[in-house]
Amino acid sequence: MPNIAVFIEQRDGAVKKVAWQMLSEARRLADAGGGEVWAIHLAPAAGDVAAKAGAHGADKVFNAMDDAFTTYNSELWGTALANFCREKSPDVLLVGSTALGKDVAPKVAGKLGCACISDAVGLTHDGDWTVRRPVYAGKCFVELTPTGGPFVVGVRPNAFVIEEKAGAGAVEDFAASLDGVEPKATVARVEAGDGGKVELTEAEVVVSGGRGIKGPENYELIEKLAETLGAAAGASRAVVDAGWVDYSHQVGQTGKTVGPNLYIACGISGAIQHLAGMSSSKCIVAINKDANAPIFKIADYGIVGDLFDVVPALTDEVGKLKG
Amino acid sequence: MKIAVLAKQVPDSETRINLPAPAPEIDDSGFTRVLNPYDAYAVEEAVKIKEAGGEVEITAITIGPETVKETVKKDCLAVGCDKAVIVTDPALDGADEAAVASVLAAVLQKESYDLILCGLKAIDDDSGQVGILVAEKLGLPHVSVVTKLTLGDGSLEAEREIEGGKEIVNASLPALVTCQKGLNEPRLPSLPNIMKAGAKPMETVTCADLGLEPPANLVQVKTYSPPPARGECRLVEADEPAAAAKELARLLNEEAKVI
């Protein structure tokens with residue numbers, strides 16, 4: 001009878017989509033195994049999160065409302081989630097693999113002395129838990145079993161499908177008990193960067209450019225298609241290392257690993273370290289002049305052609321479809 | 001000032017995993033092994049701090065078999081680290097993140113370091129946990145995914161990459177920082193420096209030397225499996241690029257239903 005806790009991450013009042021994806025998957029697991037789904041929400045104010053969490057499958061929503069949860073702090077968030085696990089003893093705490101989640105998940109596990117598994121894409125429970133995750137940036141997958149519980153699992157964005165149902169969770173206040181916690185590291189300020197409007201690792205569609213774009217001035221072809229699709233713009237290591245595009249766009253084993261619904265690779269030949277970072281995408285499109293480029297081996301659709309012709313034409317066509 | 005750099009030897013990013021069917025282990029016999037690229041940023045940052053002046057001693061710390069020595073010599077000592085501690089113990093084969101963090105924390109506790117640097121993750125396990133777990137075990141603050149680091153008097157300011165921007169974090173020293181691409185450009189070792197690096201102290205220890213029982217894993221590996229197979233690529237052909245683009249957009253919309 002697994003009880004599954006899901007961390008609801010919000011930044012400036014906006015909840016990360018991965019939280020709803022985790023709740024939906026937790027609901028499916030709990031329905032199969034007869035347990036409960038709990039949402040743990042750290043924020044300065046409750047907002048409408050409890051109702052939304054209920055609609056995504058939470059049986060109980062624990063609201064830990066504290067002004068301390070305005071700006072992220074590893075020590076405060078880590079302490080609050082560890083206290084929650086100590087007090088409520090869920091089998092597992094799911095934390096989205098976001099910038100915040102990747103920072104806090106090991107912190108919680110460290111405080112609890114429990115197992116932590118990063119970047120999960122699958123969870124099953126048949127008496128024991130099995131967690132599936134990619135390693136070597138997706139060149140292969142591993143199935144892991146934690147010893148004991150509660151344990152912490154980081155969940156890759158877009159790994160699970162959102163399901164909404166009519167329903168409301170019971171709402172309870174949770175006292176995070178932060179008295180006496182004095183963080184030795186604090187966020188002084190947050191600055192917006194040039195990383196693009198849509199975050200790569202969370203995007204449902206990614207458009208990436210490789211060496212085929214020939215120069216930094218042509219990256220706007222990629223950005224225009226991305227913008228038309230509401231997608232994030234990515235890049236291969238070659239163009240990042242050449243200094244054409246900021247490293248925050250890099251997809252691959254030494255950049256970001258992505259698994260969107262649609263990945264469009266433009267002028268990317270498909271080096272093994274790049275394929276590793278995007279091969280779990282659900283639908284892959286390759287646009288490349290070289291019909292023998294390795295990218296076509298993992299693509300679902302391909303156009304052998306010059307990206308300078310094809311990409312603007314595709315941007316126009318997508319624009320028409322999107323109206 | 002004493003700086004520790006936590007380093008790991010990993011298979012090169014060009015490595016192919018030969019795994020035709022699910023198996024309890026990966027055949028790693030043909031792998032070319034290098035310093036984890038993210039740890040190279042940690043090494044470079046430590047060396048830059050030393051070059052900026054003052055009394056700085058840099059210790060590279062790693063866990064691994066005898067074969068890690070060459071990587072430590074070439075990619076840590078030859079580029080500016082002063083000495084190395086290597087934990088070599090067969091009991092640590094297959095150690096998980098928590099076990100590795102316990103051993104590294106035990107090594108770090110032998111000295112008092114002002115700053116601990118490591119990569120944000122290793123490119124083999126991809127878990128990104130070890131640095132943060134080490135900091136937690138030592139009761140130190142950490143800043144993860146750092147792209148800029150400035151040291152002050154007993155403190156640091158770090159820029160940490162987040163979605164669509166950055167957080168500027170202040171922390172007191174001692175502290176642990178995990179390094180991201182963009183922090184610096186790691187230098188390559190020169191041949192004379194590789195020769196000289198052989199004379200730098202390299203201490204090999206076991207868990208017993210550290211007064212430590214080999215820590216038990218908290219996570220057990222059941223099986224490794226290859227990625228799911230992908231279907232054939234459907235090539236969209238047309239006389240004009242515009243026609244091909246139109247057909248592709250139609251397929252993505254109507255058949256694949258992804259736009």
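**Reading helix packing and a chain interface**

User: At what angle do helix 3 and helix 4 of chain B pack, and how far apart are their axes?

Analyst: In this predicted model, helix 3 (residues 97–108) of chain B packs against helix 4 (residues 130–138) of chain B at an angle of about 50°, and their axes are 9 Å apart. Helix 3 of chain B is therefore oblique to helix 4 of chain B.

User: Is the crossing of these helices left-handed or right-handed, and which residues make the contact?

Analyst: Helix 3 of chain B passes helix 4 of chain B in a right-handed crossing. On helix 3 of chain B, the contact is made by B:Glu97, B:Ala98, B:Val100, B:Ala101, B:Ser102, B:Leu104, B:Ala105 and B:Leu108. Helix 4 of chain B contributes B:Val130, B:Leu133, B:Val134, B:Lys137 and B:Leu138. Sorted by class, this contact has ten nonpolar, one polar and two charged residues.

User: Now the two chains. How many residues of each are in contact?

Analyst: A general idea to start with: interface size is often given as the accessible area lost when the parts come together. Here we can count residues instead: 71 residues of chain A are in contact with 69 residues of chain B. On the side of chain A that touches chain B, the largest share, eight residues, comes from strand 13 (residues 185–192) of chain A. By class, that side of chain A has 36 nonpolar, 20 polar and 15 charged residues.

User: Which strand of chain B pairs with strand 13 of chain A, and in what sense?

Analyst: Strand 9 (residues 165–172) of chain B pairs with strand 13 of chain A in the antiparallel sense, over seven bridges. To find your place there, look for A:Arg189, which stands opposite B:Ile168 in strand 9 of chain B.

Notes. Residues are numbered from 1 along each chain as its sequence is written. Chains are lettered from A and ligands numbered from 1 in the order in which they are written. This is a predicted model: local features need pLDDT of at least 70, side-chain atom pairs count only at pLDDT 80 or more; totals for chains, interfaces and linings use all residues. Axes are lines fitted to C-alpha atoms, for helices over the stretch in contact, and angles run from 0 to 180 degrees between N-to-C directions. Helices (H or I, at least four residues) and strands (E, at least two) are DSSP runs, numbered from the N terminus. Angles under 35 degrees count as roughly parallel, over 145 as roughly antiparallel, 65 to 115 as roughly perpendicular and the rest as oblique. A crossing is left-handed if the near helix is turned anticlockwise from the far one by less than a right angle, and right-handed if clockwise. Two residues are in contact if their C-beta atoms, placed from the backbone, lie within 7 Å. Ala, Val, Leu, Ile, Met, Phe, Trp, Tyr, Cys and Pro count as nonpolar, Asp, Glu, Lys and Arg as charged, and the others, Gly among them, as polar. Two strands pair if DSSP finds at least two bridges between them.
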